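Please read it alongside the sequence and the coordinates.

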Amino acid sequence: MHDYRRIADRIAADIATGRLRPGERLPPQRKFARRHGIAASTAERAYGELVRRGLVVGEVGRGTFVKATAPVRPGRGLIEDAGTPVNLELNYPSAEGQSELLADALAPLLRPDVLTEALRPAAATGTPAAREAVAALLTTPGWRPDPSRILFTGNARQSVAAALASLVRPGGRVGVEELTYPVVKEIAGRLGITLVPLATDEEGLRPESVAAAHRTAPLSALYVQPTLHNPTSVTTSDERRRQLALTVSDLELPVVEDRIWSFLAENDDPLAALAPALTHVVDGLSKRVAPGLTVGFLVVPEQRVDAVADAVRSGGWSAGRFALEAGVRWTVDGTVARLVEAKRADAARRQRVLAECLAGFAVRSDPRAYYAWWHLPAPWRADTFTAAAAALGIAVTPGPSFAVGPNRTPDAVRLGLASAAVPDLERALRALAGLAASRTDR
């Protein structure tokens, strides 16, 4: 009897020594099994072990390929510095003069009498002033959240975790767009939740895909990004939102709606405006303001306030009181509104640079977004292009980081436009365009 792990170890050694090179295709599993005199099931498990270790990637209809980059912890590239000169993985926008604006608003907090109060623990429900300020901040033409239904966490990622933890038991199924925020994949793994990829098109998530998945085995919740979806920048149409709201209402399916980038899309109403009894809205200050001192927001259905607040407390996801007080001051005095206007203009400028530098390539984006989804020209694959870009000193996020399920590996990369200085961004995009064109004839 053959141990599949030892077989995987031998293949891993060949990868480590260079006998199997990045991008090289492994033999089909049945052919590998015959060649080595092992059962097909053993070969399948060995290949699965290599996928688990992050050494190879399987692509439907194409085979199994050696990955070109070292394994990376899920979600890492989106929240930590990748150590490269131009980082298009990180995506934290910053407006000119931002630090000065924030410092002016923080100054009153440093008075001893005010600081004493600001350093006390914060409850999941925040303070009355915080709830009113956030209700005003999140209001859209067709929706104003009830302040009594607003909860607070340390950041938007923790808001997603708290919402899912309150809705889904370990082993439960959550529907997501077939390309989704990588940190959600990490959160699901830690909570013991199975993510179910759902079909999308140019208008966003397809309601019939939600219904079909629910019929197969009941979903416990749905996680969606209807506004400026990350990574594709798609904003769900009004009609599609109405259809989606009808579907989740018919199924009585709770929704976690991630609106962290919605501040870039002025006058965009949330799905919560159409299905308020089911929708948990997630938002925060990390993109509007800065990632280092932030607060996450949760607007939850009236009957779920206590359950979600319990999840926030038990998960240790409560907001810091100082950050909460700072966020309230920045909101009330207009600092957040000024930063939002500046960042909308900055995103539009960076999109113009993107359009000029990558003209002629298959790039999907939105003029309001801080990111773009680039379908690479053949024969480039996402991992080999990512490695080649890193060799030029440019970090990008490979498409498979966003894919749900082992067989969904798009030949695309996400470009984060927010963090690099504009001259560096332009230089990097032109270098990537030259790199992509360099192999189109191979």
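What volume does the largest cavity have? In this predicted model, the largest cavity has a volume of about 60 Å³, and the count of cavities of 30 Å³ or more comes to two. The structure also holds 27 salt bridges, some of which are described below.

**The largest cavity**

- The lining of the largest cavity is made up of Ala 130, Ala 133, Val 134, Phe 152, Leu 285, Val 295, Phe 297, Leu 324, Gly 327, Val 328 and Thr 331.
- Two helices, H7 (128-138) and H13 (321-332), each supply at least two residues of this lining, and the largest share, four residues, comes from H13.
- By residue class, the lining of the largest cavity divides into nine nonpolar and two polar residues, with no charged residue among them.

**Salt bridges between separate parts of the chain**

- Arg 364 and Glu 202 meet through their side chains in a salt bridge, with an N to O distance of 2.6 Å; the pair links distant parts of the chain, since Arg 364 belongs to strand S13 (residues 362-364) while Glu 202 sits in the loop between strand S7 (200-201) and strand S8 (204-205), 162 residues apart.
- With a relative accessible area of 27%, Arg 364 is partly exposed, whereas Glu 202, at 58%, is exposed.
- A salt bridge also joins the side chains of Arg 241 and Asp 268, at 3.1 Å from N to O; Arg 241 lies in helix H11 (residues 238-251) and Asp 268 in the loop between strand S10 (255-258) and strand S11 (279-284), so this pair ties together parts of the chain that are 27 residues apart in sequence.

- Glu 341 is partly exposed, its relative accessible area being 46%.

Notes. Residues are numbered from 1 along each chain as its sequence is written. This is a predicted model: local features need pLDDT of at least 70, side-chain atom pairs count only at pLDDT 80 or more; totals for chains, interfaces and linings use all residues. Side-chain values use heavy atoms; hydrogens and water are left out. On a 1 Å grid over the protein atoms alone, a cavity is a set of points where a 1.4 Å probe fits but cannot get out, and a pocket is an open set with protein on both sides within 12 Å along at least five of seven lines; lining residues have an atom within 4 Å of a point. Grid points are joined across faces, edges and corners, and a volume is the space filled by probe spheres set on the points. Ala, Val, Leu, Ile, Met, Phe, Trp, Tyr, Cys and Pro count as nonpolar, Asp, Glu, Lys and Arg as charged, and the others, Gly among them, as polar. A salt bridge is a side-chain nitrogen of Lys or Arg within 4 Å of a carboxyl oxygen of Asp or Glu. Buried means under 20% relative accessible area, exposed over 50%, partly exposed in between (1.4 Å probe, protein chains only).
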